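Please walk me through this structure in plain terms.

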Amino acid sequence: MSELKNIVIKPLHGIPNDQNTYHFMQETITILASEEDTNGAFSVVHLVEPPKMGPPLHVHENEDETFYIKKGRFIFLVGDEIFEVNENEYVFAPKGIPHRFEAGIDGGEMIVTASPAKFDSFVKELGLQVPKDSGLPDFQGPTPEQMQQLVNVAEKYNYKFILE
């Protein structure tokens with residue numbers, strides 16, 4: 001008999017609160033479903049991105065990611081594909097494929113799901129826990145030390161940043 005793994009066996013109701021909201025570089029991220037909540041099957045976050053910002057090109061070696069746009073417009077690069085993505089649209093970024101996104105001139109919000117879970121732990125390790133209504137962080141761009149910390153911690157989660 002084979003053993004089933006990553007089975008979620010209880011209902012889950014993710015509510016933004018002061019214990020699951022983080023400033024992560026320029027973003028505000030609220031963890032709605034964590035690795036602990038889902039037995040490692042997936043994680044779900046609500047991400048708020050300031051105007052004309054986004055993460056550097058990167059790869060998740062073990063996780064697929066989905067992005068559902070709640071507010072604003074984004075440009076996504078996934079592999080060789082470029083997508084202009086509007087509210088109520090969806091993007092899938094398979095594991096092992098370099099990707100990045102940038103919010104439009106008004107910023108934006110999205111729901112990000114990572115499967116299996118680990119992205120939530122990455123956010124917890126690098127982010128600063130803040131009250132749920134704290135808004136976006138005052139971010140002036142990453143310092144060389146912040147970028148080095150990001151790259152170092154990313155390796156632990158099998159993420160690779162492709163910095164120019």
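**A walk through the model**

Pro 116 sits in the loop between β8 (99-115) and α1. The model is a predicted one, and in it the peptide bond that runs from Ser 115 to Pro 116 is cis, with omega near 0°. Most residues other than glycine have a negative phi, and most peptide bonds are trans. Two further backbone features can be set beside that bond. Met 25 has a positive phi of about 55° and is not a glycine; Met 25 belongs to the loop between β1 (21-24) and β2 (27-33). Its relative accessibility is 22%, so Met 25 counts as partly exposed. Asn 88, also not a glycine, has a positive phi of about 65°. The loop that holds Asn 88 runs between β6 and β7 (90-93), and Asn 88 is exposed because its relative accessible area is 55%.

The overall build comes next. The protein chain contains ten strands and two helices. Read from the N terminus, the order of elements is β-β-β-β-β-β-β-β-α-β-α-β. The radius of gyration is 15 Å, close to the 15 Å that the globule rule gives for 164 residues, so the protein chain is as compact as a globular protein of that length. The C-alpha trace spans about 50 × 35 × 35 Å along its principal axes. Of the contacts with a separation of 6 or more, 74% are between residues 24 or more positions apart.

What share of the 164 residues in the protein chain is buried? Buried residues make up 41%. In soluble globular proteins, nonpolar side chains tend to be buried together. Here the largest nonpolar core has 29 residues, and the members that touch the most others are Phe 67, Phe 76, Met 110, Phe 119 and Phe 122. Phe 76 shows what such a position looks like. Neighbours within four places in sequence aside, Phe 76 is in contact with Phe 67, Ile 69, Ile 82, Phe 83, Val 85, Val 91, Phe 101 and Met 110, and also with the side of the list that includes Glu 81 and Arg 100.

Now take a charged residue in the interior. Glu 65 is found in strand β5 (residues 64-78). Glu 65 is buried but has no salt bridge. Which side chain of opposite charge is nearest to Glu 65, and how far away is it? The answer is Arg 100, 12 Å away. What Glu 65 does have is a polar contact of 2.9 Å between its side chain and that of His 60. Residues up to four places away in sequence not counted, Glu 65 touches His 58, His 60, Val 91, Phe 92, Ala 93, His 99, Val 112, Thr 113 and Ala 114.

Another glutamate, Glu 61, lies in the loop between β4 (58-60) and β5. Its relative accessibility is 44%, so Glu 61 counts as partly exposed. Beyond four places in sequence, Glu 61 touches Lys 95, Gly 96 and Asn 158. Glu 61 and Asn 158 are 97 residues apart in sequence, yet their C-alpha atoms are 5.6 Å apart in space.

The whole structure has six salt bridges. One of them joins Glu 84 and Arg 73, with the closest N and O atoms 3.6 Å apart. This pair links distant parts of the chain, since Glu 84 is in strand β6 (residues 81-85) and Arg 73 is in strand β5, eleven residues apart. With a relative accessibility of 57%, Glu 84 counts as exposed.

Lys 124 and Asp 120 form a salt bridge whose closest N and O atoms are 4.0 Å apart. The two are separated by about one helical turn because they are four residues apart in helix α1 (residues 119-126). Glu 36 joins Asp 120 and Lys 124 in a network of salt bridges.

Lys 156 forms a salt bridge with Glu 125, the closest N and O atoms being 2.9 Å apart. Lys 156 is in helix α2 (residues 144-156) and Glu 125 in helix α1, so this pair, 31 residues apart, links distant parts of the chain. Lys 156 is exposed, with a relative accessible area of 56%, and Glu 125 is partly exposed at 35%.

Terms used: Residues are numbered from 1 along each chain as its sequence is written. This is a predicted model: local features need pLDDT of at least 70, side-chain atom pairs count only at pLDDT 80 or more; totals for chains, interfaces and linings use all residues. Side-chain values use heavy atoms; hydrogens and water are left out. Buried means under 20% relative accessible area, exposed over 50%, partly exposed in between (1.4 Å probe, protein chains only). Lys and Arg count as positive and Asp and Glu as negative; His and the chain ends are not counted. A polar contact is a pair of N or O atoms within 3.5 Å; within protein, one must be able to donate a hydrogen and the other to accept it, and residues adjacent in sequence count only if both atoms are side-chain atoms. Contact means heavy atoms within 4.5 Å. A nonpolar core is a set of buried Ala, Val, Leu, Ile, Met, Phe, Trp, Tyr and Cys residues joined through side-chain atoms within 4.5 Å. The radius of gyration is taken over C-alpha atoms; the globule rule is 2.2 Å times the number of residues to the power 0.38.
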